[in-house]
Amino acid sequence: MEGSGREEKGRRRRGGEEEKRKREEAPSDLERSTMALQGVRVLELAGLAPGPHCGMILADFGAQVIRLDRLGHQGKTWMARGKRSLALDLKRPEGVSVMRRLCKRMDVVMEPFRPGVMEKFGLGPEILLKDNPRLIYARLSGFGQLGRLSKVAGHDINFLALSGVLSKLGRSNETPYAPLNLLADFGGGSLTCALGIVLALYERTQSDKGQVIDANMVEGTAYLSSFLWHSKNLVFWNQPRGKNILDSGAPFYETYRTSDGKFMAVGAIEPQFYALLIKGLGLNCDELPNQLSISDWEETKKKFADAFAKKTQAEWCNIFDGTDACVTPILSLEEAALNEHNQERGTFFTDEHHNVSPRPAPLLSRTPAIPSTKRDPMEGEHTKEILQEFGFSEDEINQLDSDKIIETSTPKANL
Ligand SMILES: C[C@H](CCC[C@H](C)C(=O)SCCNC(=O)CCNC(=O)[C@H](O)C(C)(C)COP(=O)(O)OP(=O)(O)OC[C@H]1O[C@@H](n2cnc3c(N)ncnc32)[C@H](O)[C@@H]1OP(=O)(O)O)[C@H]1CC[C@H]2[C@@H]3[C@H](O)C[C@@H]4C[C@H](O)CC[C@]4(C)[C@H]3C[C@H](O)[C@]12C
């Protein structure tokens with residue numbers, strides 16, 4: 001184990017040097033200026049989490065994203081890097097007219113509200129697509145634009161529950177648990193909506209027509225879980241929750257505490273990797289039940305837990321790093337950002353304010369995303385600039401300002 005670990009470390013170092021060289025020979029600035037979504041104009045109506053994340057994905061890959069904020073809405077804004085902000089009151093007819101003028105020159109409008117809110121403004125798809133037949137009108141909701149629940153409030157956990165997926169998450173004899181708000185808000189929500197927008201942009205290159213995207217978190221999450229539906233009759237998948245291979249039932253797909261109170265993740269599913277796990281743990285295969293004997297999994301799990309409790313996380317990394325035992329340390333966010341492998345790849349980046357964020361994914365070889373490193377926009381910070389770009393005269397802007405249809409906020413100098 002020691003020898004192969006050292007060879008592997010050398011191989012990794014050479015690989016890392018190769019990755020670093022490739023990154024240094026990154027595409028020229030000219031090439032980089034042609035990010036995949038360069039020139040796509042997006043109007044994102046400010047929302048809670050899925051909407052901002054969807055807009056951030058588009059901005060990271062080169063789209064010009066304008067976030068439309070409410071007036072006086074001093075909520076916490078986030079995931080707004082690379083965006084500009086316009087504050088506009090859509091409850092006033094003048095504000096609706098401004099938005100209609102903007103949408104005539106937009107490629108995408110994305111709204112995160114309950115169904116019917118945009119129609120109430122007089123900004124439903126029929127109107128905006130009549131004004132601009134090439135507009136892609138993305139609607140990111142919880143339950144979808146139609147259906148008995150469509151107008152009901154909800155959050156990630158509700159959509160996850162209704163998709164069926166939440167029933168599969170959690171340890172045996174415990175209540176199901178939602179993995180933060182990652183699956184419905186982001187996996188089935190913002191990412192799926194961003195995919196829909198890119199699909200519609202591509203289709204428009206053929207048809208020259210826009211369309212409406214009904215992106216919703218129940219269906220996006222259900223779609224994300226297609227694997228569950230296609231594998232649910234497999235013997236290792238039709239046990240009660242928490243008794244299957246991938247849901248904490250199996251000892252070889254589990255997390256274990258180390259002697260220093262940290263944790264290791266084990267994913268040694270295939271027999272050849274499982275054998276390396278046993279070897280690394282210092283156990284004897286002959287003294288253990290068959291790997292796939294479900295009735296013995298609890299007992300085997302206890303033996304693994306006892307073994308892992310004998311060494312620190314660092315000691316286990318020295319044993320397993322670079323091997324095929326499928327054993328990795330469970331890192332905090334901060335540790336993940338400092339991890340050698342992640343550093344070699346540039347998996348995380350630091351902005352001008354020393355905030356660390358994950359680099360956009362996936363990594364495109366010729367037109368990679370170049371996330372902005374500037375601070376997030378203040379609400380209404382670019383109102384004037386944007387209206388001027390879209391042909392509003394000084395007088396029109398001043399009138400909108402004095403009638404409190406718009407709001408302009410200039411960042412306070414850090415004195
Ligand atoms: C960050 C925390 C949230 C984490 C994510 C959470 C787990 C989620 O799941 S987010 C996904 C939510 N669901 C959806 O997105 C599905 C679709 N949307 C909806 O169902 C609804 O929008 C809704 C349920 C999310 C909200 O319903 P609501 O009734 O408020 O709104 P709508 O019916 O959609 O109507 C929109 C209304 O807004 C008006 N509007 C919109 N734009 C404009 C405009 N430009 N001009 C004028 N008016 C506008 C529109 O007219 C509608 O008005 P009417 O209803 O009158 O018609 C966060 C969880 C908790 C947060 C914290 C908490 O709230 C306390 C603090 C509050 C403070 O303000 C900010 C800081 C907080 C600490 C806050 C911080 C974070 O937000 C949270 C932690």
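This is a predicted model: local features need pLDDT of at least 70, side-chain atom pairs count only at pLDDT 80 or more; totals for chains, interfaces and linings use all residues.
Residues are numbered from 1 along each chain as its sequence is written, and side-chain values use heavy atoms, with hydrogens and water left out.

A quick word on names: helices (H or I, at least four residues) and strands (E, at least two) are DSSP runs, numbered from the N terminus. Two strands pair if DSSP finds at least two bridges between them.

β7 and β8 (residues 263–267) run antiparallel and are joined by five bridges. They belong to an open sheet of three strands, ordered β7-β8-β9, with antiparallel pairing. At its edges are β7 (253–257) and β9 (327–329), each pairing on one side only. Neighbouring strands here are turned by 20° against each other on average, direction ignored. For angles, axes are lines fitted to C-alpha atoms, for helices over the stretch in contact, and the angles run from 0 to 180 degrees between N-to-C directions.

What lies across this sheet? Helix α13 (residues 297–308) lies across β7, β8 and β9, at about 40° to β7. Helix α14 (residues 313–320) lies across β8 and β9, at about 30° to β8. Contact here means heavy atoms within 4.5 Å.

Now the other sheet. This one is open too, with seven strands in the order β6-β5-β4-β1-β2-β3-β12 and mixed pairing. β6 (211–216) and β12 (406–407) are at the edges with a single partner strand each, so one side of each has no neighbour in the sheet. β1 and β2 pair in the parallel sense over five bridges, and Leu45 stands opposite Leu68 in β2. Helix α4 (residues 93–103) lies across β1, β2, β3 and β4 (108–111), at about 150° to β3. Then helix α8 (residues 182–207) lies across β4, β5 and β6, at about 165° to β5.

On to the largest pocket, with a volume of about 1100 Å³. A pocket, on a 1 Å grid over the protein atoms alone with a 1.4 Å probe, is an open set of points with protein on both sides within 12 Å along at least five of seven lines; lining residues have an atom within 4 Å of a point. The volume is the space filled by probe spheres set on the points, which are joined across faces, edges and corners.

Which residues lie nearest its centre? Of the 47 lining residues, those are Ala46, Gly47, Arg70, Pro112 and Phe113. Elements that each supply at least two lining residues include β1 (41–45), α3 (50–60) and β2 (64–69).

Last, some local details. Leu180, in the loop between α7 and α8, has a positive phi of about 50° although it is not a glycine. The peptide bond from Ala361 to Pro362 is cis, with omega near 0°, and Pro362 is found in the loop between β11 (356–358) and α17 (383–389). Why mention these? Because most residues other than glycine have a negative phi, and most peptide bonds are trans.
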